[in-house]
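Me: I've got a model open here and would like to talk through a few of its details. Could we start with the helices and then move on to the ligand?

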Amino acid sequence: MPDNTRRARDEMFWQTFADRYAVEPGPINLENGYFGRMSRTVVEEYQRNIEMINRSNSVYVRQRFEQVETQKIRAQLAALVGVPADTVALTRNASEGLQSLIRNYNRLQPGDQVLICDLEYDSVKNALRWLARNRGAEVIEIDHQHPASFDSLLATYRDAFERYPKLKLMALTHVTHRTGLVMPVQAIAAAAKEHGIDVILDGAHALGQIDFNLDELGISFAGFNLHKWIGAPLTLGFIYIAPERLADIDPDMGESHYPVTDIRARTPYGTPNIPALLTLPLVIEEHHAMGGSAAKGARLNYLRNLWVRAARELPGIEVMTPDDPRLYCGITSLRFTRHSDQQPMVERLLSDYNLFTVMRSGAASGPCIRITPGLTTTASHMKLLTRALTELG
Ligand SMILES: Cc1ncc(COP(=O)(O)O)c(C=O)c1O
């Protein structure tokens, strides 16, 4: 058994990591998908950086941060996704980055088509709708089959690519926030390329829990945040643009602080959260010390499988993501099939079992309840969830 898989089951091992996080007493949080906790040491470092920047002000920022620190940070972020440092630019979150890529994509002509699916994030969908409206393009919206399989996902895209020959651009969500389904990005991107369709990858939920390399995935445009599975302070993210595709994204609203050949011109200009950025080197060090995305992902998958295996046998529960290891991650949604409204079941999970979850709608397959374990979740939390599903289902 590979090391990460063996370690994923080791509650004692993970307890040592869990102890590094301060957790407010209260409900058991199975909604770790919104944002992740910082470790205690990261919180302390962040506080130190707030105080240091407050003391030294622009003297430090102009002399050192802008010249040296941001370059180091860009290199570390680029390494997380296996690309060169000068192909990434810092943003405040994934939405800002993805919206910049979409807003400034300059290859659409009137009559062209853009593609979104039911599983995309709403602000990404809306940005593509906005782009299409402004460029005289048409939005093609597709729904994925449910339950999905590797082949059905790919076939749905292939079918759309054949059916809509004017497609030029599509969004692709690596891990959908609605059900946790992991898209076969490499296969879809390769099929899109055959049809000359550009892909903007939404990596918000993938970074930090899935080990990937953007070059291997065949992705030229992508946006990420650092507060979900990397463990950074809120307000940080980045974009990637393949160097040979930089000219296809315009500088943001005529941005001119950086030369047109610099990716940093593609994001909104403004003073960033400098103390948070200065905290990143420690965050990334801790991420790697924990075993990186491969170890975090293995642990989250293990916790996911603990409840999913049991829930598959329950007649009143539908698990929304397949068990093909290529298509799932730690996030997985479920539905109480005997209840049309899922929100009261979210409330029952909380009131009767002290389990905090969230309802997610928008998938063509209907509303569901998202279960997202985190790094402080234990096997006994999953057992409690299984009991709750057995009794409530
Ligand atoms: C799939 C997906 N895309 C984009 C976003 C937006 O990320 P951010 O909060 O960093 O703007 C989220 C946030 O939950 C998400 O789940």
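Me: Is the crossing of α6 and α7 left-handed or right-handed?

Reply: The crossing of α6 and α7 is right-handed, and please keep in mind throughout that this is a predicted model.

Me: At what angle do helix α6 and helix α7 pack, and how far apart are their axes?

Reply: Helix α6, which covers residues 150–163, packs against helix α7, residues 185–194, at an angle of about 15 degrees, and their axes are 10 Å apart. Angles under 35 degrees count as roughly parallel, and α6 and α7 are therefore roughly parallel to each other.

Me: And what about α10 and α12, at what angle do they pack?

Reply: Helix α10 (residues 292–311) and helix α12 (residues 379–392) pack at about 25 degrees, with their axes 9 Å apart. That makes α10 roughly parallel to α12, and the crossing of α10 and α12 is right-handed.

Me: OK, switching to the ligand. Which residues come nearest to it?

Reply: There are 13 residues around the ligand, and of these A94, S95, D202, N225 and K228 come nearest. Sorted by class, the shell around the ligand consists of 4 nonpolar, 7 polar and 2 charged residues.

Me: How much of the ligand's accessible area does the protein cover?

Reply: On its own the ligand has 390 Å² of accessible area, and the protein covers 90% of that.

Me: Back to the backbone, then. Is the peptide bond from H146 to P147 cis or trans?

Reply: The bond from H146 to P147 is cis, with omega near -5 degrees. As for its place in the chain, P147 is in the loop between β4 (138–142) and α6.

Me: Where is M253 found?

Reply: M253 is in a loop as well, the one between β8 (237–241) and α9 (274–289).

Methods: Residues numbered from 1 in each chain as written. Predicted model: local features only at pLDDT ≥ 70, side-chain atom pairs only at ≥ 80, totals over all residues. Heavy atoms only, no water. Near = heavy atom within 4 Å. Areas by Shrake-Rupley, 256 points an atom, 1.4 Å probe, with all protein chains shown as cover. Nonpolar A, V, L, I, M, F, W, Y, C, P; charged D, E, K, R; others polar. Axes fitted to C-alpha atoms, helices over the stretch in contact; angles between N-to-C directions. Helix = DSSP H or I, 4+ residues; strand = E, 2+ residues; numbered from the N terminus. Parallel < 35°, antiparallel > 145°, perpendicular 65-115°, else oblique. Left-handed = near helix turned anticlockwise from the far one by under 90°.
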